[in-house]
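Good morning, colleagues. Please bring up the model on the screen, and I shall take you through it.

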Amino acid sequence: MSEVSLQIDGKAVTAAEGTTVLAAAQGAGISIPTVCHHEKLEPFGGCRLCTVEVDAGGRTNLVAACVYPVQQDIVVRTRSKQIDGIRKVLTEQLLAYAPESEVLQKLAQEYQAKKDRFAREASFCILCGLCVRYCAEVKKKDAVGFIDRGPSREISFIPEIAAKECWDCKECFPLCPTSALQAAFVLMRSLTSLASSNSEEVRI
Amino acid sequence: MPRINSPAELERLRQEILSKRDPDRARVAVCAGAGCLATGAEKVIAAFNAEIEKQGLSAEVTTKGTGCPGFCERGPVVVVGPEEICYLQVTPKDVPEIVTKTLKEKKVVERLLYVDPAKKEKAVHESDIPFYRNQERNIIGNNIKIDPKCIDDYLALGGYSALAKALFGMAPEQVVDEVKKSKLRGRGGGGFPTGVKWEAARSTPGETKYVIVNADEGDPGAFMDRAVLEGNPHSILEGLIIGAYAIGAHEGYVYVRQEYPLALENVSLAIRHAREHGFLGKNILGSGFDFTVKVHRGAGAFVCGEETALILSLEGKPGEPKPRPPYPAAKGLWGRPTNINNVETWANVPLIINKGADWFTGFGTEKSKGTKIFSLVGKIKNTGLVEVPMGVTLRDIVYKIGDGIPGGKKFKAVQTGGPAGGCIPEEHLDIAVDFDELTKVGAIMGSGGMIVMDEDTCMVDVARYFLNFLAQESCGKCSPCREGIKQMHRILTDITEGRGKEGDIELLEEIALSTRSASLCGLGKSAPNPVLSTIRYFRHEYEAHINEKRCPSYACKELVSYYIDPEACGACLLCMKRCTSDAIAGGRNLIHVVDQVKCNRCGTCFDVCPAKFGAVIRLSGEPVPGAIPEELRVVVRKKAAKQETAKEAR
């Protein structure tokens, strides 16, 4: 596979064809914030915090670095007033779900995001999909999935699968950027609803 | 029906069909599109069949249900040939008269003709009606001539001759070149050059490639694609087969939304007929080219109109957009090179191949060629489908074709491009309608929705309405779209319900920027348009809502009150009787009073109060005067005296 030369934040970088801008930047020691990205998983492009500016073919576009493939001679900027503004709003929107999340608090500090800009949401889940994708791609179990769409979208453990697979696994818990307890809670809720016919008390 | 195995056989069949059709034969064409069917076209067709038989004309007259000619406002539309007399709003009751007078006596039934409201002249033919006269109907013009369930009608008009020309007279590269030369741009919204897209799919190596018709038309109030799917499905299929040949695809899909049952029926039937005739299947027309098509029903998600989401949906996965690149031309359906075009784009292809790219570029502006179909709806006299060359002004569409705003109201804005389009105010009505000009004023071409709004429309409420739609239809995968639209919708709801705060406009703009810049697909990228365009042109309306808690259009219920002026009230009981929430107290000779707590602000009292009293007053942004004490409510009815005092009070 051939090498591609590009520029990131003024630094000349080479990367193998097919790599993403995010990977190329990380390889060159340049950090780009991410929430939904995980090295073991297929790039998802969901949280969009990795949005960067790319000059390509005479045009400047805003793209998600985690899914955008490197191209010869493109110029990438990972910080600008516009990018910081976008990351600020995106962080604030996610903070409405999980104001105490460490990952989000770090982002908030970097981009001057306010915790209470938007009304507090009932759920902790920011729908990054790490648990869903890890379960599908790495564990190949599909015990947890997305349901519904738009503002009603949520994650849900599939009771029939979760009841069999989840007790001894729980590998998704530490992946959750907002709260492992949240994952446990949702899991529990699914399991208790399945087990309720036995009327046994389930302890968390 | 035996298969057709060569262009010569196709031509022979066409001649045979034409030879059986006497151009002077009497015929009745009734629009059987979804719009006219809803207003009773089916009963009209049945009435014609019965009446024609009753009057013993069965052998001399042909009756058929056809595709939609576009004048939905005045449906059911009936065209009587060979004179092509156009009757509007025909009911089964009118049928005996039409049969007796027009079919038998060759006279015109004057009362069913279109009357030009300006000149008071009656229009006998379609072409005399201003609604049609100012259009250029390359694509939907044939609809009224075609029974979409009858392939012979399409063949009679030269159908599938473009396919024969492409297969036998042109190399695939030549077909691509011709489409490139025509500068046709995608009609689904993106406006990407079709020929360039085809070339990309063609040049990607691979044995298996796919072509797809995107018929997942989901914009509220838009029905351009439905009219073509229902009315002339073969024109889409012919375009698709030509495209497949050009790209090197042997399999195709028509992705039709489930909510279009008639379109599904007609497209499926058209595919069957095309297969039986040898336009689909193996060795098409004896050319050696193989191609098959399947219909896929969409399950109702708006976002599946986005090409990557559509592909996933076709694969049986949740319809969520994927990042591009890779584009479908490189990696599409089942990972193979795939070309997706919108219904209207495909329907343009046979015309370009038959008449040439030079003919096509004769219509339109420098960068937007050809015609475009718009569905003209909202506060407009002539609701319907209009096809115009790119470059006509919005003003011409609204006033010349649409005949302006009903009820003597004032024009406020026209929203183009579907739910994620922008609202264009009066000051920009003279822009030429094409892809680039609409973008410049903060709107988009989209797939061709055009919603006209009058002075009673509140622009903040409009933005709220569209953002609600988009929030529900966002797939929820990426956070700028899912969260951004939700937050913008919340703020807009607050503003329209009287909870707007200082800084809300700036916050809306900030969220809009992040949603527009960072969203994964076109839905999120365009979703802020209704917000940004209404802030740009109607900022004063936002400010009135936020600062004065006033809705200038009296549309936001929470900000409007209805009050009866005791001096003007004629105690006529009308508003009391019609009140939908039993909120008006009063009686004979008793001044009526609105109970502000019970009132649901439907506005019925305002609408029904006789003009001679004009007693019901709409208030917004100001306190409602206290109710008149009960002891003073008795009307001393001395007519003349009363009128005097009412006059003074005003």
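In chain A, strand β3 (residues 51-56) and strand β4 (residues 59-64) run antiparallel and are joined by six bridges. Strands here are DSSP runs of E of at least two residues, helices are runs of H or I of at least four, and both are numbered from the N terminus; two strands pair if DSSP finds at least two bridges between them. Within this pair, A:Thr51 stands opposite A:Ala64 in β4(A). The two strands form a hairpin with two residues between them, and A:Gly57 in the turn has a positive phi of about 55°.

What else pairs with β3(A)? Strand β5 (residues 75-77) of chain A does, antiparallel and through three bridges. There, A:Glu53 stands opposite A:Arg77.

A word on conventions. This is a predicted model, in which local features need pLDDT of at least 70 and side-chain atom pairs count only at pLDDT 80 or more, while totals for chains, interfaces and linings use all residues. Residues are numbered from 1 along each chain as its sequence is written, with chains lettered from A and ligands numbered from 1 in the order in which they are written.

Turning to chain A as a whole, its secondary structure comes to six helices and seven strands, in the order β-β-α-β-β-β-α-α-α-β-β-α-α from the N terminus. The C-alpha trace of chain A spans about 65 × 45 × 25 Å along its principal axes. Of its 204 residues, 41% count as buried, that is, with 20 or more other C-beta atoms within 10 Å of their own, the C-beta atoms being placed from the backbone.

Next, the interface. Chain B places 24 residues in contact with 21 residues of chain A, contact being C-beta atoms, placed from the backbone, within 7 Å. Which elements of chain B give two or more residues to that side? They are α18 (459-473), α19 (479-496) and α20 (504-518). Of these, α19(B) gives the most, with seven residues.

Finally, the domains of chain B. The assignment, automatic or from a database, gives domain 1 (20-145), domain 2 (159-361), domain 3 (371-454), domain 4 (459-548) and domain 5 (558-649). The C-alpha centres of domain 1 and domain 3 of chain B lie 28 Å apart. Their contact takes 15 residues from domain 1 of chain B and 14 residues from domain 3 of chain B. Thank you; I shall gladly take questions.

Notes: Contact = placed C-beta atoms within 7 Å. Buried ≥ 20, exposed ≤ 12 C-beta atoms within 10 Å, placed from the backbone.
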